[in-house]
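Let us read a structure together, one feature at a time. Keep the picture in view as we talk.

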Amino acid sequence: MSESWTSDELHTASEAMKRAGHMGYEEFCAELDRQIKPEPTPTLNTEHWDCECEEKYIHCKSVDRCDECDALRGESPDSRQSEVDEGIHFAY
Ligand SMILES: [Zn+2]
């Protein structure tokens, strides 16, 4: 597909594809979006990280490792801001 297509041309092609029973360009993009991003990316709190524990899994970045599950800070994701705000999952 050429990059020099205008949005009008894309729209026309999209309509033609829809008429032919294919997914339209906009639908195709939306479908792609759904597959790549199943849910909105949560806001992360870069001061904390999550270990593998069920209940108390949020650690401060000053902690390198969870004593309970042996998760390492360097291999764990940042905590979600919403869960940090809840304040009930802190491991320390
Ligand atoms: Zn843990």
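Q: Is Asp70 buried or exposed?

A: Start with the rule. A residue is buried if 20 or more other C-beta atoms lie within 10 Å of its own, exposed if 12 or fewer, and partly exposed in between; the C-beta atoms are placed from the backbone. Asp70 has 9 other C-beta atoms within 10 Å, so Asp70 is exposed. One caution: this is a predicted model, where local features need pLDDT of at least 70, side-chain atom pairs count only at pLDDT 80 or more, and totals for chains, interfaces and linings use all residues. Numbering runs from 1 along each chain as its sequence is written.

Q: Where does Asp70 lie, and what is its phi?

A: Asp70 lies in the loop between β2 and β3. Its phi is near 65 degrees, a positive value in a residue other than glycine.

Q: How many helices and strands does the chain have?

A: Helices (H or I, at least four residues) and strands (E, at least two) are DSSP runs, numbered from the N terminus. Here there are three helices and three strands. Along the sequence the pattern is α-α-β-β-β-α.

Q: What is the order of the strands in the sheet?

A: Two strands pair if DSSP finds at least two bridges between them. The order is β2-β1-β3, in an open sheet with antiparallel pairing. β2 (58-60) and β3 (78-80) each have a single partner strand, so one side of each is left without a neighbour in the sheet.

Q: Over how many bridges do β1 and β2 pair?

A: Strand β1 (residues 44-50) pairs with β2 over three bridges, in the antiparallel sense. Look for His48, which stands opposite Cys60 in β2.

Q: How many residues of α2 are buried?

A: The number is zero out of 12, so α2 lies largely in the open.

Q: What span should helix α2 have?

A: The expected span is 1.5 Å times one less than the number of residues. For the 12 residues of α2 (residues 25-36) that gives 16 Å, and the end C-alpha atoms are 16 Å apart, which agrees.

Q: Which domains make up the chain?

A: Domain bounds come from an automatic or database domain assignment. They are domain 1 (7-36) and domain 2 (44-86). Their centres, taken over C-alpha atoms, are 41 Å apart.
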